Amino acid sequence: MRATIKYRLVFLALMVISFVIGVHWTPETLASDADKRALYLISALYFVLLPLSYWYCIIKKGAQKLWKLIIILSLSSLVARLSFPAEIAHYFEFIAWLRYPIIAVLLIIELYLVVSVVRGLFKVRKLKGDPRVGAVETYREGDDKSLTIALIMASEATNWFYAIPWFSRNHPPAIANINLKSAARWHVWLMLTGCIVASCSSYFLLVSWSEWVAIIVSSIIGYTLMSMVANHRLSRDYSLYLMRDNLVINNSLWGFMVINLTDIADVTNQALAEIHQEDSETISIGGGQSNVTIKLNRPVIYHGGMGQLPEPMTVIHLSVDEPQQLMNTLNNARLYHFH
């Protein structure tokens, strides 16, 4: 497991523990000095420790933007508004004021989803490959913000492209398959079941606060069913393929790389143990022991978080079903490309 992933998991665990402890130990009133001291400690936990942890684990170690601190500060404010004693909670009333702007934003998102579905269906009807590849080809040497926006715009078409077999009928064939859990049938059924449960649960949890919010949030969660089907088909059938002199590596829908053949320095079956796995520019994709290693002659971006968590990589370890076939295909493609 890469260091950046470890830091994200550490922060997630710390956040969950902090909120559970905070909600459980928050006094109902400030009747004594002990109650006040407890509230001071919990406030420090929410508004000092968690933001500092987020800055270190997510922003610094994950090389993310500083403005994302607003995410954890907003979440801490919401928990404080719901759990702090009444004489203090009213200072966080601005969270409640956000109800109607939130509804407006959710309505806009819902409208955008409807429009993007129609537009996505229109765009993908004749595509021969992942729309994200075109976005990377266009903006990989340009502005990072432009590439991020392009990947966001391409994501809807990508979901429809892989979710419906007819749209991906002209897709380039896979040259090997990465050993991914998301390619298994049990995984997709588990995810689909979890999505349906989450959609229904969100409605019942939010309906007492706002029926509009409950309907919109549950429908947005339910809409991700299509993404889960796309994720399964992508992992099972199209995890590794060649497209326009590029090697495309898909770590399910979560992360992908588009590597030009000229950027590949070497393709071997070097064992994972021979490489320093903690190197920030080294990534391992696929379950089990790595059996193919791709070394690059310059850093190439791994687009994690569905394109929103970019990280430069120079060494890629893969666990695939046909390692020799993958190495032969890549080496032959590189020779043909150079000649």
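This is a predicted model: local features need pLDDT of at least 70, side-chain atom pairs count only at pLDDT 80 or more; totals for chains, interfaces and linings use all residues.
Local features need pLDDT of at least 70 and side-chain atom pairs count only at pLDDT 80 or more, while totals for chains, interfaces and linings use all residues. Residues are numbered from 1 along each chain as its sequence is written, and side-chain values use heavy atoms, with hydrogens and water left out.

**Overall make-up**

- The chain has 11 helices and 8 strands, taken as DSSP runs numbered from the N terminus (helices are H or I, at least four residues; strands are E, at least two).
- Of the 339 residues in the chain, 43% are buried; buried means under 20% relative accessible area, exposed over 50%, and partly exposed in between (1.4 Å probe, protein chains only).
- Among contacts (heavy atoms within 4.5 Å) between residues at least 6 apart in sequence, 71% join residues at least 24 apart.

**Annotated segments**

- An unreviewed UniProt entry places the feature "transmembrane region" at residues 7-26, 38-59, 66-84, 96-122, 188-206 and 212-234; such annotations may be inferred rather than shown by experiment, and their positions are given in the numbering used here, with feature names shortened.
- Residues 38-59 are 100% helix and 0% strand, with 29 Å between the end C-alpha atoms.
- Residues 188-206 are also 100% helix and 0% strand, and their end C-alpha atoms lie 27 Å apart.

**Aromatic rings**

- The structure contains 8 aromatic pairs, where rings of Phe, Tyr and Trp (its six-membered ring) pair if their centres lie within 6.5 Å; planes under 30 degrees apart count as stacked, over 60 as edge-to-face and the rest as tilted.
- Trp-55 and Tyr-56 form a tilted pair, because their ring centres are 6.5 Å apart and their planes stand at 50 degrees.
- Trp-55 is partly exposed at 37% relative accessibility, and Tyr-56 is partly exposed at 34%.
- The pair of Tyr-162 and Tyr-238 is tilted because the planes are at 45 degrees, with ring centres 5.7 Å apart.
- Tyr-162 belongs to helix H8 (residues 144-163) and Tyr-238 to the loop between helix H10 (211-237) and strand S2 (240-243), so this pair ties together parts that are 76 residues apart in sequence.
- Both Tyr-162 and Tyr-238 are buried.
- Phe-19, Tyr-46 and Phe-47 are linked into a cluster by ring pairs.

**Charges over rings**

- Arg-132 lies over the face of Phe-256, 4.2 Å from the ring centre; a charge sits over a ring if NZ of Lys or CZ of Arg is within 6 Å of the ring centre and within 35 degrees of the ring normal.
- Arg-169 has its charged end over the ring of Trp-166, at 3.9 Å from the centre.

**Cysteines**

- The whole structure has 0 disulfides, a disulfide being a pair of cysteine sulfur atoms within 2.5 Å.
- For Cys-195, the closest cysteine sulfur is that of Cys-200, at 9.3 Å, which is too far for a bond.
- Cys-195 is buried, with a relative accessible area of 4%, whereas Cys-200 is partly exposed at 41%.

**Glu-137**

- Glu-137 is in helix H7 (residues 131-139) and is partly exposed at 28% relative accessibility.
- Leaving aside residues up to four places away in sequence, Glu-137 touches Met-243, Arg-244 and Asn-246.
- Glu-137 and Arg-244 are 107 residues apart along the chain, with 9.7 Å between their C-alpha atoms.
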